[in-house]
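Biologist: I would like to learn how to read a structure feature by feature. Can we go through one together?

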Amino acid sequence: MDDFEPTIIAFVCNWCTYTAADLAGTSRLSYPKNIRLIRVMCTGMVDPQYIIKAFLEGADAVLVSGCHPGDCHYINGNYKARRRVKLLKEILPKFGIDDKRLRLTWIGASDGIMFSEIMRDLVRQIKKIGPNEAKLQMVI
Amino acid sequence: MSATYILSVEKRDLQSALRNFFSSILKLDDIASILVPMHLAANNSVKPVLVSDPGRLESADPLAPAFPINSAKIVSSLTRKPVGRKIAAVLRPCEIRAFVELIKLKQASADEIIIISVDCLGAYSNIDYKRFVSDKKENSTAVFVEMMLSGEKGADEETRLSAACRACEHSIPEKADIRIGIIGVNINEQLLIQALTPAGEEICKSLGLPSGQEPQGRQETVNPIVARRKAFRDEMFDKTDNATDSIGKLTEYFADCVNCYNCRVACPVCYCRECVFTTDVFNHEPCQYMQWAERKGAVKMPTDTLFYHLTRLAHMSTACVGCGQCSNACPNEIPVMELFRTVAYKTQKAFEYEAGRSSDEPPPLSVFREKEFGEVVGIAE
């Protein structure tokens, strides 16, 4: 298990978390290569099916990260994302997908340091949980 | 509000009493037509029929234990635009609840419809209904009603109903304009008519029905039925939870699925005009299948089965009314309803929502509050 390198899909919003990732880069901060960033215009456009697809394809965790409450570029997309994550956290654990594999965070555009810290912490946690069962099976 | 009236039953003929009642409603000036389950000549099928000639109601039969389609979608297609005339519709409680969901999704309107609903005795699955009518032949519905309303024998027959009906705690319609009570009522002599809305009351008044009282003991007759249903439902939840508590087991649960999407077509609250699973998004490139096969060593065809069911759960489980049409429509007898109700119970609870309960409660995923669900945010261990 020690050499388990999780794959983590992160849906990050263009205006806050992606910008924070950019800032982390220009500040020469590093974060684990386990994170695969997918830039979306807003967390409010992350349909539950993107997250389900990621898990069924074998992602060990999915992170949705956007602007802090009140800061959404589109006013309220992050609140909608929060409800959807809540919904999926009710559904997915029923099928053995650990609740901790789906995470939602708010990382603002200026939080470059916080971005790299959260990514490192997340990878550490997922390494502890172990690989997603779906990865090993013939599920599509 | 609720005003209570009495409809007398002549010669112990419940079905004629109901037909006459529908016919008198249809004869009212402002009711243009009535949608009611009716026996079709062919094959003993029962289907909703839109009737405008009172003389054509002779085979209307809302109590037939057949439930081939959830009429909420039909009522939606009848009401999605104003036509300037009212229709009446005889619906089962789960059809009304699905209709309420469609109103909230702006795919139906309650403005020009009078909903009539009879206490629901449940229905058989499509296949079992066919068997039932071919055994009973003439007046199978009367036999069914008598059986279901006769205490112990009814409880016994209940075990042969579809699983959705056995797990349903909504025998008594709540959101109708006019409710016709038969449970805990002496149906050989009279039926209980309750106007639950001002529109319903107006109709009852213009029909000149004598007012009456809810028979004593009606609630006591309903309670054990609901208790039995809830016990069955909870057992079903446990069983389904155990059968699907890992992705591997869920794969097994849907092993017989052939991606026909019948469950989605039959679902009254699957609201997308175009389902993403039938768009080009899922018309994968041939090389995509090869890639999947190569990456995992083997890939089941057709692909995307679990993806489809999980997405549907995420999209519509908060609106699921548990009518069971998904199971009814499945060609391979997968217990679809069991899983969807089990998950729906949990997701609706999470948002303190109940599908079909009220047209004032917005669907959970259409709204948000600034401060809520703080527990899903952050990466604290």
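**Reading the strands, helices and contacts**

Modeller: This is a predicted model. Start with a strand pair: strand E5 (residues 113-118) of chain B runs parallel to strand E6 (residues 178-181) of chain B, and three bridges link the two.

Biologist: Which residue of E6(B) is the bridge partner of B:Ser117?

Modeller: B:Ser117 has B:Arg179 as its bridge partner in E6(B).

Biologist: What is the order of the strands in the sheet of chain B?

Modeller: The order is E1-E7-E6-E5-E4-E2-E3 in chain B, an open sheet of seven strands with mixed pairing. Strand E1 (3-8) and strand E3 (46-51) of chain B are at the edges with a single partner strand each, so each has one side without a neighbour in the sheet. From one strand to the next, the twist averages 20°.

Biologist: Now the domains. Into which domains is chain B divided?

Modeller: Chain B has domain 1 (3-231) and domain 2 (239-371). Taken over C-alpha atoms, the centres of domain 1 and domain 2 of chain B are 29 Å apart. Their contact takes 24 residues from domain 1 of chain B and 20 residues from domain 2 of chain B.

Biologist: Which helices of chain B each supply at least two residues of the side of domain 1 that touches domain 2?

Modeller: They are helix H2 (72-79), helix H3 (93-104) and helix H7 (163-166) of chain B. H3(B) gives the most to this side of domain 1, with nine residues. Sorted by class, the side of domain 1 of chain B that touches domain 2 of chain B has 14 nonpolar, five polar and five charged residues.

Biologist: Next, burial. Which residues are buried in helix H2 (residues 48-56) of chain A?

Modeller: To judge burial, count neighbours: a residue is buried if 20 or more other C-beta atoms lie within 10 Å of its own. In H2(A), the buried residues are A:Ile51, A:Ile52, A:Ala54, A:Phe55 and A:Leu56. The buried residues of H2(A) pack against strand E1 (8-13), strand E3 (61-66), helix H3 (77-91) and strand E4 (102-106) of chain A, and also against H13 of chain B. Just after H2(A) comes A:Gly58, with a positive phi of about 110°.

Biologist: What is the count of buried residues in H12(B)?

Modeller: The count is zero among the eleven residues of H12(B), which is hardly covered. After H12(B) comes B:Gly297, whose phi is positive, near 90°.

Biologist: How do helix H1 (residues 17-26) and helix H4 (residues 112-129) of chain A pack?

Modeller: Their axes are 7 Å apart, and the angle is about 95°. Angles of 65 to 115 degrees count as roughly perpendicular, and H1(A) and H4(A) are therefore roughly perpendicular to each other. A:Thr17, A:Ala20, A:Ala21, A:Leu23 and A:Ala24 of H1(A) meet A:Gly112, A:Phe115 and A:Ser116 of H4(A). This contact of H1(A) with H4(A) has five nonpolar, three polar and no charged residues.

Biologist: What should I know about the backbone?

Modeller: Most peptide bonds are trans, and most residues other than glycine have a negative phi. Here, B:Met301 and B:Pro302 are joined by a cis peptide bond, with omega about -10°. B:Pro302 is in the loop between H12 and H13 of chain B.

Biologist: What is the phi of B:Glu333, and where does B:Glu333 lie?

Modeller: B:Glu333 is not a glycine, yet its phi is positive, about 55°. B:Glu333 lies in the loop between helix H14 (325-329) and H15 of chain B. With 10 other C-beta atoms within 10 Å, B:Glu333 is exposed.

Biologist: And where is B:Phe373?

Modeller: B:Phe373 is in the segment after H15 of chain B. Its phi is near 50°, a positive value in a residue other than glycine. B:Phe373 has 18 C-beta neighbours inside 10 Å and counts as partly exposed.

Notes. Residues numbered from 1 in each chain as written. Chains lettered and ligands numbered in written order. Predicted model: local features only at pLDDT ≥ 70, side-chain atom pairs only at ≥ 80, totals over all residues. Pairing = 2+ DSSP bridges. Helix = DSSP H or I, 4+ residues; strand = E, 2+ residues; numbered from the N terminus. Axes fitted to C-alpha atoms, helices over the stretch in contact; angles between N-to-C directions. Domains from an automatic or database assignment. Contact = placed C-beta atoms within 7 Å. Nonpolar A, V, L, I, M, F, W, Y, C, P; charged D, E, K, R; others polar. Buried ≥ 20, exposed ≤ 12 C-beta atoms within 10 Å, placed from the backbone. Parallel < 35°, antiparallel > 145°, perpendicular 65-115°, else oblique.
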